[in-house]
Amino acid sequence: MPLSLDELESHLFKCADIIRDAVDPTDYKEYILPLVYYKSISDEFEKQYNENVEEYGEEFARRNNLYDIPVVPEGYLWDDLRAVSDNVDETLNESFEALTTENPELKGVFRADYIDADALDDDRLGKLVEHLSKYDLDRDSVPPDMLGEAYMDLVRHFAEEEGKSGGQFFTPPHIVNLCVRLVDDFEDGMTFHDPTVGSGGMLIEAARYYREEQGGDPTKMTFTGQEVNPDIAAIAKMNLSIHGLDGEIEREDSLSSPAFTDEENSELTRFDRVLANFPFSADWAKDELQDDPYERFDWHEKLPRADRGDYAFIMHMAKQLKRPDTDKGGGKAAIVIPHGVLFRKHESRYREYMLEEDMVEAIVGLPENLFQNNSIPSAVLVLNTDKPAEREGEVQFIHAADEAFYEELSNQNELTEDGLDHIVSNFREWATEERVSRTVSLDEIRENDYNLNIALYVDTTEPEEDIDVEEELAKLRELQAERDEIEATMNEHMEALNYE
């Protein structure tokens with residue numbers, strides 16, 4: 001009987017129970033995710049190898065060009081690992097190193113050092129390997145889409161285990177889905193980029209959406225990302241690979257060391273779609289980037305504050321969008337932002353630039369407490385360098401922070417399916433709806449000194465309930481009668497006590 005998604009997820013989650021108390025919860029992902037990835041590669045390679053032996057013979061069966069996955073070196077298949085009972089930590093380290101040597105594209109993917117984790121002894125590691133051996137993870141046994149979904153759930157599970165710090169590499173799925181839908185209408189050949197890619201959730205969701213909602217083939221798209229944290233960048237690489245996507249993840253800070261560039265023309269590589277949830281109000285290397293060779297921060301002569309890099313990230317992403325004058329079409333971005341970006345006074349100069357360039361298509365205000373690491377309300381900024389003619393000179397504001405759009409969970413809020421559909425429907429239809437959305441002319445925004453506070457354009461106050469005058473008067477008379485009765489009783493008591 002085929003393995004169900006629930007069974008697979010439960011199976012993978014139990015890995016954490018095996019190493020619980022041996023390593024800190026913040027390190028679960030470093031030791032478990034690479035093993036799951038290794039197991040899936042080994043199982044699929046072994047299946048393809050046997051097929052190649054039948055077709056080409058043993059002499060040619062290991063030729064790299066016969067495989068669409070990393071090649072597992074001889075002696076390092078999963079069953080070889082499983083046969084080891086002593087010094088399992090050394091064997092795992094050696095196996096990952098051999099796999100990387102055989103497949104240079106995996107450089108930087110496997111960063112865990114099992115020898116360094118003293119509490120992960122032979123017994124625990126042996127149990128972990130044996131537990132993962134329970135099911136085959138080749139593509140015939142577990143379709144890549146299902147394995148990828150289970151892998152993402154495992155990433156999410158570990159983010160929840162980590163609590164606040166985990167939110168730094170994992171954006172809740174409902175927010176990711178919203179961002180993707182706000183820039184949809186994808187086509188084969190499109191390029192997607194996330195400059196603060198985390199574990200790769202934005203890119204994975206874009207691929208899923210194209211496949212499941214538009215009936216497309218995401219293997220005909222290109223997915224790239226950049227991540228400053230090397231451990232999280234490794235997870236993103238494994239994530240793309242498990243999902244069978246054509247992608248490249250580079251490590252380093254996108255602002256200080258952008259990896260996707262056209263050095264010949266001193267420009268950033270431009271993409272069809274940019275999706276991102278950057279670290280809110282983080283420090284950035286302002287002094288080092290005063291004379292940026294890519295001219296990213298030229299929206300005003302004054303750069304954003306060194307201790308508040310929000311607009312530095314937004315400028316960077318705007319430069320990464322394709323332009324109709326040079327790229328035969330424009331690009332779109334959906335960027336999760338803190339609300340302060342919309343109205344902080346000293347940043348009006350940056351708002352003025354992007355508004356006058358007419359690249360702001362929409363702003364969606366979200367509820368508070370959506371993220372594990374941040375309870376403040378946020379928004380999604382939608383940029384479009386080639387807005388449709390009917391949307392030129394206008395910005396749509398959507399107030400989705402009302403209770404109709406989300407539900408309260410035990411530790412955070414979550415946008416509902418109906419809430420997501422409501423947002424996307426209003427955006428696609430460019431609708432104006434009382435207390436929810438409104439399309440606003442650039443002239444009106446100019447009159448407000450480029451302030452983009454949603455409350456300036458959409459009435460976000462709760463409507464007052466209609467008053468039934470007769471009913472309220474009846475209540476008043478009832479209360480007056482009660483007061484008269486209490487007052488009479490009090491007077492009787494006062495007289496009995498000889499108080500005047």
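Q: Where is threonine 191 found?
A: Threonine 191 is found in strand 1, residues 191-194. Helices (H or I, at least four residues) and strands (E, at least two) are DSSP runs, numbered from the N terminus.

Q: Before we go on, what kind of model is this?
A: This is a predicted model, where local features need pLDDT of at least 70, side-chain atom pairs count only at pLDDT 80 or more, and totals for chains, interfaces and linings use all residues. Residues are numbered from 1 along each chain as its sequence is written, and side-chain values use heavy atoms, with hydrogens and water left out.

Q: Back to threonine 191: buried or exposed?
A: Threonine 191 is buried, because its relative accessible area is 18%. Buried means under 20% relative accessible area, exposed over 50%, and partly exposed in between, with a 1.4 Å probe and protein chains only.

Q: And what is threonine 191 in contact with?
A: Leaving aside neighbours within four places in sequence, threonine 191 is in contact with Thr222, Arg270, Phe271, Asp272, Arg273 and Lys322. Contact means heavy atoms within 4.5 Å.

Q: Next one. Where does glycine 247 lie?
A: Glycine 247 lies in strand 3, residues 247-251. With a relative accessible area of 39%, glycine 247 is partly exposed.

Q: What is glycine 247 in contact with?
A: Phe223 and Leu240, once neighbours within four places in sequence are left aside.

Q: How many Å apart are glycine 247 and histidine 193 in space?
A: Their C-alpha atoms are 9.6 Å apart, while in sequence glycine 247 and histidine 193 are 54 residues apart.

Q: What about the chain as a whole, how many helices and strands?
A: The chain has 16 helices and 13 strands. Of its 500 residues, 49% count as buried. The C-alpha atoms fill a box of roughly 110 × 70 × 45 Å, taken along the principal axes.

Q: Which contacts join residues at least 24 apart?
A: Among contacts between residues at least 6 apart in sequence, 73% do.

Q: On to helices. At what angle do helix 2 and helix 4 pack?
A: Helix 2 (residues 28-56) and helix 4 (residues 88-102) pack at about 60°, and their axes are 12 Å apart. Axes are lines fitted to C-alpha atoms, for helices over the stretch in contact, and angles run from 0 to 180 degrees between N-to-C directions.

Q: What does that make helix 2 relative to helix 4?
A: Oblique. Angles under 35 degrees count as roughly parallel, over 145 as roughly antiparallel, 65 to 115 as roughly perpendicular and the rest as oblique.

Q: Which residues make the contact?
A: Pro34, Leu35, Tyr38 and Ile41 of helix 2, with Leu92, Ser95, Phe96 and Leu99 of helix 4. By class, the residues of this contact are seven nonpolar, one polar and no charged. Ala, Val, Leu, Ile, Met, Phe, Trp, Tyr, Cys and Pro count as nonpolar, Asp, Glu, Lys and Arg as charged, and the others, Gly among them, as polar.

Q: Which residues of helix 4 are buried?
A: Val88, Asp89, Thr91, Leu92, Asn93, Ser95, Phe96, Ala98 and Leu99. The buried residues of helix 4 pack against helix 2, helix 3 (78-82) and helix 5 (122-132).

Q: What lies in the loop between helix 4 and helix 5?
A: Isoleucine 115 does. At 39% relative accessibility, isoleucine 115 counts as partly exposed. Not counting residues up to four places away in sequence, isoleucine 115 touches Asp89, Glu90 and Asn93.

Q: How do helix 1 and helix 5 pack?
A: Helix 1 (residues 5-19) and helix 5 pack at an angle of about 170°, with axes 10 Å apart. That makes helix 1 roughly antiparallel to helix 5. The meeting residues are His11, Leu12, Lys14, Cys15, Ile18 and Ile19 in helix 1 and Arg124, Lys127, Leu128, His131 and Leu132 in helix 5. This contact has six nonpolar, two polar and three charged residues.
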